[in-house]
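Take a look at the structure below. This report walks through its contacts, one topic at a time.

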Amino acid sequence: MWWTSISNADFNGGSWQPFREFHEQLNKLVEGTLCEYGGMAPKLNVWGTSDHIYVTAELPGLKSEDLDVSVNGKTLTIKGVRKAEPLKEGEQRLREELSYGDFNRSVELPFLVNAESIEAEYKNGILKISLPRSEGDKARKIKIK
Amino acid sequence: MNQLIKEQQNVEGCCTPTASCRSAALFQPAVDIVENDGAVALFAEMPGVSEKTLNIQVERNVLTIEGETEALEFEGHRPLRREYAEGRFRRTFKLSNDVDVDKIEASIADGVVKVVLPKAARAVARKIPVKHESSH
């Protein structure tokens, strides 16, 4: 990370550190990004109207019982585990590009959803979640007398 | 014994299976390859592909795995975030003569394609029973 080396070599020695805060923020931003997308976090596509959201996630090779979808406030969390088929005797892995293990991904929704009406479907390695906006959260038109 | 399965040199210039690759409409699926005494099994990740749009073929010892993802569309909804692209998966492998191409079997489940490539009889190591011969 070039900014770390710059900040250590050039600015940390003196007491005047005008860029320190900026560097700290930048580092935080990058760490946050790594945390969100790194490792096993599934990739998401999101579609929406003002009252409904669809989230789809690429999650090949899972069993639906190993998938967990939850909503807390405006935060949607998709987590689970992809188990690797253990090698049998006499078997050897010649190539290993697929990733296994735990995954966890959270996204902020633009509105509160009605937890009872959330539907999730897993098909062809794609998880599809339907999230309707909660009635109480919807914008209401006020009649003017 | 020579290598049973090798990555086929890419003629179309398709990228390797990394995250950045997925912005293209044609991408290579990630694969695991497992070998045992009698066969080589290949597992290719192709989320969004079903048996209807999957095409697997062998021609002149080149195995091609190809599939189109089902394009998801939601009436009246506009895209807000797109981290993965929909399109076509394709990857090719060169098979050695030690693969019995007539006995290749393929299946797909939950976006993972499994191709089993049995070894030809001559390529399977056989244990030779040793007889005891008495010296007189």
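## A:R95 and its partners

In this predicted model, A:R95 has a relative accessible area of 26%, so it counts as partly exposed. Its salt-bridge partner is B:E7, with the closest N and O atoms 3.0 Å apart. This pair crosses between chains. B:E7 sits in strand β1 (residues 5-7) of chain B, and A:R95 sits in strand β5 of chain A. B:E7 is partly exposed as well, with a relative accessible area of 29%.

The pair does not stand alone. Salt bridges that share partners join A:R95, A:E97, B:E7 and B:R91 into one network.

## A second bridge between the chains

Now turn to B:E83 and A:R105. Their side chains meet in a salt bridge, 2.8 Å from N to O. B:E83 lies in the loop between β7 and β8 (88-95) of chain B, while A:R105 lies in strand β6 of chain A, so this pair joins two chains.

Are these two residues buried or exposed? B:E83 has a relative accessible area of 19%, which is under the 20% cut-off, so B:E83 counts as buried. A:R105 is at 2% relative accessibility and is buried too.

## The interface in numbers

The area buried between chain A and chain B is about 3300 Å². Carbon and sulfur atoms give 53% of that area. Three residues of chain A lead on their side: A:W47, A:R95 and A:N124. They supply 22% of the area that chain A buries against chain B, more than any other three residues.

Five salt bridges are found across the interface of chain A and chain B. One of the salt bridges in the model links A:R82 with B:E45, with the closest N and O atoms 2.4 Å apart.

β5(A) pairs with strand β3 (residues 31-35) of chain B. The sense is antiparallel, and the pairing runs over four bridges. Within β3(B), B:D32 is the bridge partner of A:E96.

## Chain B as a whole

What is chain B built from? Chain B has 10 strands and zero helices. It has 136 residues, and buried residues make up 44% of them.

Take the contacts with a separation of 6 or more: residues 24 or more positions apart account for 57% of them.

## A salt bridge within chain B

B:E35 and B:K119 show such a link. Their side chains meet in a salt bridge, 2.8 Å from N to O. The two residues are 84 residues apart, so the pair links distant parts of the chain. B:E35 is in strand β3 of chain B, and B:K119 is in the segment after β10 of chain B. Both ends are buried: B:E35 at 13% relative accessible area, and B:K119 at 11%.

B:V124 also lies in the segment after β10 (112-118). Not counting residues up to four places away in sequence, B:V124 touches B:D37 and B:K119. B:V124 is partly exposed, with a relative accessible area of 27%.

## A buried loop residue

B:T69 lies in the loop between β6 (62-68) and β7 (78-82) of chain B. Is B:T69 buried or exposed? At 11% relative accessibility, B:T69 counts as buried. Which residues does B:T69 contact, leaving aside neighbours within four places in sequence? They are B:P47, B:G48, B:V49, B:E86, B:G87 and B:F89.

Technical notes: Residues are numbered from 1 along each chain as its sequence is written. Chains are lettered from A and ligands numbered from 1 in the order in which they are written. This is a predicted model: local features need pLDDT of at least 70, side-chain atom pairs count only at pLDDT 80 or more; totals for chains, interfaces and linings use all residues. Side-chain values use heavy atoms; hydrogens and water are left out. Buried area is the accessible area (1.4 Å probe) that two parts lose on being put together, summed over both. A salt bridge is a side-chain nitrogen of Lys or Arg within 4 Å of a carboxyl oxygen of Asp or Glu. Two strands pair if DSSP finds at least two bridges between them. Buried means under 20% relative accessible area, exposed over 50%, partly exposed in between (1.4 Å probe, protein chains only). Contact means heavy atoms within 4.5 Å.
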